[in-house]
Amino acid sequence: MNIIKQQYNNIFTNKLTTIRNFTMNFGPQHPAAHGVLRLVLETNGEIIYRVDPHIGLLHRGTEKLIEYKTYLQALPYFDRLDYVSAMAIEHLYSKGVERLIKIDNPQQIPIRAQYLRIIFLELTRILNHLLALTTHALDIGALTPFLWGFEEREKLLEFYERCSGARLHATYIRPGGIFIDPPLALLNDINIFINQFSKRLDEIEELLTQNRIWKQRLVDIGIITFEKTKSLALSGVLLRSVGKKWDLRLISPYETYKNLSFSIPVGLAGDSYDRFLIRIQEMRESLIIIDLILNNIPIGDIKLDNKKLSIPSKSFMKYHMDSLIHHFKLYTEGNNISENSVYISTETPKGENSIFLLSNNTNMPYRCHIKAPGFLHLQSLNVYVKSPSSCCI
């Protein structure tokens, strides 16, 4: 009996000496309870030594579904790829289709449509960054920025609703232009918003930027180097946090971004604190861009004047038989696109979003492949989330 007890004690003692870290599941979970991400963490207290991301727990087969829809019917799928950056993703798809049918020349898309696109792209950037910053602050224990930020997000979602009829899934930016001219008072209300929103950003910064708890949780946390961002193909705020001025709005401009004067904020340390400051500054730059456009936006068409490619306006459709026919044919059959392929990237709030489209003389894409920045960022979590001290152990 004593021998058995001694052997048991030896085994138990050996186990205690070999077990060092605690392995736990973080997820699968998501604020909307979709179950989209699971992280297997190896931790010692609050120190993370290893992160094993399990991605793809909510695979909906979007790319395959798109291949069985007309080019117009496929548009709503892109709204649902990123609920807080809907118009930015549908803009990417619209640019891809425009390039497929060879109308990507900036002179072909009406200038007013391009300006309105940029207004809503920059409002979408603010919408995305507000969610990122305020929920981050909430996780660390600061409730007030969350309440302030969501009050501002409600105003932005109201702008979405007033121009498209939907708060989230707008399907507003379409191939050839935009769906409809915004209501007369909307641009004025957007102007009021950008004038007061900078003060709200000042208040959020007053609470967080020099807050010692906030800095303890962010400074020198999640550090990444330029070499790593390059080898892992990271983009957006992650790439700019290491000091690289890379933004497709300036590097490879689309719409009329090349005519606008704005700055690209960058960081130095490549840590979470730098990324917080960059998102704050990006929202301020978005306000500058919107202000420039509101003061220079012309009156004119808001979609391509080609009824075989873009939906006729209701004022024409209700009174002209040819417009009614084009309207019916585009919504039921779509338009055939000759054999062509295109790969296009745009600077969405989370980083470089890309799409590959292949057409084959039919009214549906033969192949659609989407490259989202979040996929690369999540699979690289082990590089920049684990504690720097764990590298030495």
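A: In this predicted model, 46% of the 393 residues in the protein chain are buried. The chain holds 16 helices and 8 strands. Its C-alpha atoms fill a box of roughly 100 × 45 × 35 Å along the principal axes. Among contacts with a separation of 6 or more, 65% join residues 24 or more positions apart.

Now the interior itself. In soluble globular proteins, nonpolar side chains tend to be buried together. Here the largest nonpolar core has 52 residues. Ile119, Leu123 and Ile190 have the most contacts inside this core. Six helices are each a source of at least two core residues: H4 (86-100), H5 (111-140), H6 (144-164), H7 (184-208), H8 (212-218) and H12 (272-294). H5 gives the most, with 12 residues.

Take Ile190 as a way in. Leaving aside residues up to four places away in sequence, Ile190 touches Ile119, Leu123, Phe159, Ile290 and Leu294. Two of these partners, Ile119 and Leu123, are themselves named with Ile190 for the most contacts inside the core.

The accessible surface comes to about 20200 Å². Carbon and sulfur atoms account for 56% of that surface. As for charge, the chain has 45 positive and 39 negative side chains. The centres of these two sets lie 5 Å apart.

Technical notes. Residues numbered from 1 in each chain as written. Predicted model: local features only at pLDDT ≥ 70, side-chain atom pairs only at ≥ 80, totals over all residues. Heavy atoms only, no water. Helix = DSSP H or I, 4+ residues; strand = E, 2+ residues; numbered from the N terminus. Buried < 20%, exposed > 50% of the residue type's maximum accessible area, 1.4 Å probe, protein only. Contact = heavy atoms within 4.5 Å. Areas by Shrake-Rupley, 256 points an atom, 1.4 Å probe, with all protein chains shown as cover. Lys, Arg positive; Asp, Glu negative; His and termini not counted. Charge placed at Lys NZ, Arg CZ, Asp CG, Glu CD. Core = buried A, V, L, I, M, F, W, Y, C linked by side-chain atoms within 4.5 Å.
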